[in-house]
Structures are given as structure tokens and as C-alpha cells.
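Dear colleague,

I am handing over the structure we spoke about, and below it you will find some notes on what turned up in it. Please read them with the structure open beside you.

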Amino acid sequence: MTEEAAVRGVPEVSAGGVLGDVNPLPVRQLVADGSPEPVVEEVLRQPPGRGEIRLLAAWSLVSPGTELHYLDRSARTGERYVLGYCSAGVVDAVGPQAPGFAPGDRVIAMGWGEAVHSGAVTVPYRLCRRVPDGLDLADAVVAGLAATAVHAVDRALLEPADEVAVVGAGMVGQLVAQITAARGARTTLLDLRPERLRTAPALGLAAADGEDFFAERSTGPAHNGYGGRCVFLCGTGDAGATVAAAARWAGRAPGRPRLVGVGRFAAHIDFSVELGNLDIRYAARCGAGYRDASYARGLTEVTAPDGEGTVTENLQRALDLIASGAVRPALMGLPRLPLERAAEAYARLRERPAHPAVLFAHGPAAVPEGSAAP
């Protein structure tokens, strides 16, 4: 048994490749392999080990910031990565000590290197949640990224009277904005490109050009005279000017001013008394226990900081927000494409198109090329 298999608790597989009456499955998956474009490869998806389930995928969701980052890194270094971490489908096999799941269950799954872009995935059970009856799997799969947004909003320590600005109308930005609005915060979604804001009205969100918003509203008191202001920074690249403008805007409120980083960006901050009182936080990933193989397979426990949740709890909360209609993936304009068009999809995402992400269809869920969510 390999060291990796021992950590994952995978039982020995017989020479014939069969574990009980569950066989490995030949599937395709998407990888970064030394090029800025992804490659589709054929692999065998093994039966689930201890604390794991295997599902036949219907949909997987691209996380553009993370996956483009690793494609670029692979092109620079030659490192190899299996892409994707948000999948949804139907359970076909359950490993030992994976309570709460049975073959035939509709589930969402997440996990880097586990819930990948593939026709079948084997995933730790604590990174999976059952999908309520009546909820489309194409909508439910968005819970994987929405769990990151839930965690970021927890990190912000919002109060009922706070005003929120979300910088960057990509996938995470749109999810953060929907969640803060659902919590009752006055929320504005910001981006420099108006086409990125086209779905905001349908989502019930106010929207504005980022530069204009901060330039026009960095003077004067907060809208209600007593609340704080919080800016979620969900963009990429050089954000020095944006961070400075956001800090000025947040600092004009009588309540607590906060900046919460969520995206991959760089910024220089001049700390001085002129900056004023300002809380700066960063929200990484999606909650306590993520990327912890032992916790994910039920071998150990983790405790989230006060006011935050484990990855399992946040994934469930994200799914509940979608099921309740507080987060509405069907209105976010996500194209649905077959895996064969992956290279085209990533190339388009590099241009920051109007759509913030892409859904890949697998197996019986395959859709006509180019079709999109209603």
C-alpha cells in the first residue's frame, strides 16, 4: 500500500482491480500538465476507501481564479494538477465508515484533487452533502464555491446596520454579495466592467462601477449614521489603488471599518495614523477542516473559531442558501459545456467575460454544446 493510500485509509485492492463487488471505473478528467491549456486524460476511478464515497458526476463547476492560477503555475514549472473541486451527481458506491450516504443519493462534493472535473469522483464523506429533492444538481453544485463565500462573510463579523461593498463581480464576488444581502446588509456589487454586472438586477443587487463608487462616496457619513462599512476584495492582480480607495470609504463610517480579502491579489498599504482604525482580514478557503485528510474521512475532529464553521457545516449552509432561493445560481448566467470544450472555456475565462464561471456536463447530464442556464 502506498503512503498516500495509507493516509486516505484505502483498503488493498485485489490484482483483478475489484474491491468487493465495486469495480474501478474508466473516466475522463481534466488536468494541468505543463501548459496554460487543460488536457483531458483517461484514468481509472478507484472504489471508495474508508470514509469515502464515489459518485457518478452530472455537473462540475469551474473555480476560475484557483484553476487559472494552477494552469499558469503548471505552465511555468511543469507541475501537474488535476483540476476542479466542485462536483454534483449520484452516489454509486459507499466505503466503510462513511455514514449518512447510500447508493442512489443525489449529492454535492468538494475538495481539491478529489471532486475534480470528471465523470466520476471519489471524495471524503465530510466534503459531501445530500441534495434536497427538487433542487437541480446544476444549481446545487455551486454550493462548493458558495461555501467559500459563507466562510468569508463569517470572517467579516457583520452587524445588522453595516453597509457592504463587494469588489469584483466574478463567481465568489457574486456569491458573497447575495449572502450579505440575504443577511440584511445594504450591499453594492462593484466591477470596472459593466458587462460583469449585468446579472445584478436579477439577483436583487445594487451595482456600480468600482472607481466611481469609491470616488463619489468616500466623503460624508455612512448611510444610516451609525453602522460600519465592510469591503470584500474578491478581485485578482494588482489591487493597491482599490485597497486604498476601499479603506478610505470604509473609514468614513462611524461603526467598525473592515476590509476582507477573498481573491488572489497584491496590494501595498501605507500604515499610518491617517489610515485610521481599520480591521483587515483574509478569508482562505471554506472553513476549518478543509484540506485535512484525516478530518474529511472522519478520523479526527476539528473546532472552528467562534462565529465560523467547519467546511462540512459551511457546505451545508451554502446548499441551504441555494435551496431557499437566497442564492440563485440559475440567474448567474453560467454556460453549460461538455468537457471536450474545456480549453475553449478556460481561454474565454481568462478574458473576464460577462459570465463568471462555467459548468461542465458529464455522462447522462450532457447538454447541447453552448447551451446555458436559463
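In helix H10 (residues 342–349), the buried residues are Ala342, Ala345, Tyr346 and Leu349, where buried means under 20% relative accessible area, exposed over 50% and partly exposed in between, with a 1.4 Å probe and protein chains only. These residues lie on the same side of H10, because they cover an arc of only 95 degrees around the axis, the arc being that of the directions from the helix axis to the C-beta atoms. An α-helix has 3.6 residues a turn, so residues three or four places apart point the same way. Among the elements that cover the buried residues of H10 are strand S1 (25–33) and helix H2 (64–77), with contact meaning heavy atoms within 4.5 Å. Helices (H or I, at least four residues) and strands (E, at least two) are DSSP runs, numbered from the N terminus.

Please keep in mind that this is a predicted model, in which local features need pLDDT of at least 70 and side-chain atom pairs count only at pLDDT 80 or more, while totals for chains, interfaces and linings use all residues. Residues are numbered from 1 along each chain as its sequence is written, and side-chain values use heavy atoms, leaving out hydrogens and water.

Turning to the cysteines, the structure holds zero disulfides, a disulfide being a pair of cysteine sulfur atoms within 2.5 Å. For Cys234, the closest cysteine sulfur is that of Cys230, at 9.8 Å, which is too far for a bond. Cys234 is buried at a relative accessible area of 14%, and Cys128 also counts as buried, at 0% relative accessibility.
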